[in-house]
Amino acid sequence: MAAAGTGPGPLAGVRVVELAGIGPGPFAAMLLADLGADVVRVDRPGGQALGIDPALDVTGRNKRSVVVDLKAPEGPAAVLGLAERADVLIEGWRPGVAERLGVGPVPCLARNPKLVYGRMTGWGQDGPLAASAGHDIGYTAVTGALGMIGPAGGPPAIPANLLGDYAGGSLYLVVGVLAALHHARTEGGGQVVDAAVVDGTSHLTAMIHGMLAAGAWQDRRGANLLDGGCPFYGVYETADGGWMAVGALERPFYDEFARLIGLDERTAAGRDDPARWDGLRGAVAARFRTRTRAQWTEVFEGTDACVAPVLSLREAPAHPHLAARGTYTEYAGAVQPAPAPRFSATPGALRRPPATPGADAAEVARDWDLPALMSGPRQEGSR
């Protein structure tokens with residue numbers, strides 16, 4: 001695994017205030033921090049309810065933390081002071097909560113007209129469900145994205161919270177924040193970015209909607225080219241209970257795959273006739289069951305057959321390609337993904353371990369010239 005590395009990151013000098021929450025907001029702030037932004041997380045007294053030790057919460061890396069009680073008389077003023085000195089503020093509460101606490105967009109932008117105020121929610125800032133509770137699984141459900149995933153005749157498969165919270169939520173918030181930051185620096189005005197998981201996840205299905213309109217996608221699971229309906233784009237169990245992933249879509253790659261797995265010419269020709277796909281799938285499945293995952297990995301390694309072993313989270317860092325690229329690193333007592341993407345001139349780095357609530361109050365008060373931070377709730381001390 002690669003070392004943590006040192007580098008300023010392309011966002012060096014950008015100041016970000018993160019109003020602590022759970023889910024996509026912290027991940028978005030971590031991404032900005034990985035890219036070099038100075039992220040100050042404002043924790044509430046008592047911390048978050050994530051259920052793990054904050055020192056091992058990877059999404060808290062590269063950040064600093066202060067504790068502010070927004071329900072105390074002096075609380076909102078402390079956050080407004082940070083907002084006045086920041087380029088970006090991120091919050092992930094239900095619509096109206098920041099306003100009730102006195103740190104909504106109106107007072108923040110009044111103090112800092114160039115501020116980018118990023119709002120991360122599941123349902124968005126308006127609409128019939130805006131004030132309702134929810135989680136990734138519900139957001140992806142109503143967008144049609146969850147319904148696409150899983151075997152024909154079986155239930156939808158739940159892709160952890162990667163599809164909604166992080167792909168449809170965090171990444172769209174970061175794109176929106178960076179676009180608004182560019183506008184603020186070129187045109188001089190800040191604005192509010194409304195990032196909703198339902199919007200981002202729906203946006204991710206753009207290509208599929210195009211295929212659906214063109215008649216090239218059936219609106220059901222396990223019946224299409226990219227959802228497991230195709231026998232040369234799917235997963236197959238091996239002799240030892242492992243799995244291999246096959247993505248041999250293009251003809252040259254398929255021919256290589258068929259040769260290496262040992263399909264006879266007549267069976268392999270079933271590729272071009274969907275009516276023969278069930279038979280082809282059965283033949284491929286039977287072949288994969290004759291060897292272990294490690295054996296099949298060796299067969300396909302270094303070829304263009306587009307076949308890869310399905311690895312677990314603990315196995316992935318040791319994959320030869322990922323290890324050679326330093327895709328994972330061990331830092332602050334935890335194996336974790338290294339910053340991404342990569343930059344030739346301003347590489348990102350792991351500069352700080354996960355922030356613990358309130359540990360950086362004195363440091364932030366000094367660096368951001370905000371002594372009032374030290375007069376709030378009892379802090380846990382500075383690193």
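Predicted model: local features only at pLDDT ≥ 70, side-chain atom pairs only at ≥ 80, totals over all residues.
At what angle do helix α9 and helix α12 pack, and how far apart are their axes?

## Two helices that meet

Helix α9 covers residues 251-261 and helix α12 covers residues 293-300. They pack at an angle of about 130°, and their axes are 10 Å apart. Angles over 145 degrees would count as roughly antiparallel and 65 to 115 as roughly perpendicular, so α9 ends up oblique to α12. As for handedness, the crossing of α9 past α12 is right-handed.

Which residues do the touching? On the α9 side you'll find Phe257, Leu260 and Ile261, and they meet Trp296, Val299 and Phe300 from α12. Sorted by class, this contact has six nonpolar residues, with no polar and no charged ones.

## Rings in pairs

Now for the aromatic side chains. Across the whole structure, a search turns up eleven aromatic pairs. Take phenylalanine 232 and tyrosine 254: their ring centres are 5.2 Å apart and their planes sit at 65°, so this pair counts as edge-to-face.

Where do these two come from? Phenylalanine 232 is in the loop between α8 (206-213) and β7 (233-237), while tyrosine 254 belongs to helix α9, so the pair ties together parts 22 residues apart in sequence. Buried or exposed? Both phenylalanine 232 and tyrosine 254 are buried.

## A cluster of rings

Ring pairs also join up into a cluster, made of Phe232, Tyr236, Tyr254, Phe257, Trp277, Phe288, Trp296 and Phe300.

Conventions: Residues numbered from 1 in each chain as written. Heavy atoms only, no water. Axes fitted to C-alpha atoms, helices over the stretch in contact; angles between N-to-C directions. Helix = DSSP H or I, 4+ residues; strand = E, 2+ residues; numbered from the N terminus. Parallel < 35°, antiparallel > 145°, perpendicular 65-115°, else oblique. Left-handed = near helix turned anticlockwise from the far one by under 90°. Contact = heavy atoms within 4.5 Å. Nonpolar A, V, L, I, M, F, W, Y, C, P; charged D, E, K, R; others polar. Phe/Tyr/Trp six-rings, centres within 6.5 Å; stacked < 30°, edge-to-face > 60°. Buried < 20%, exposed > 50% of the residue type's maximum accessible area, 1.4 Å probe, protein only.
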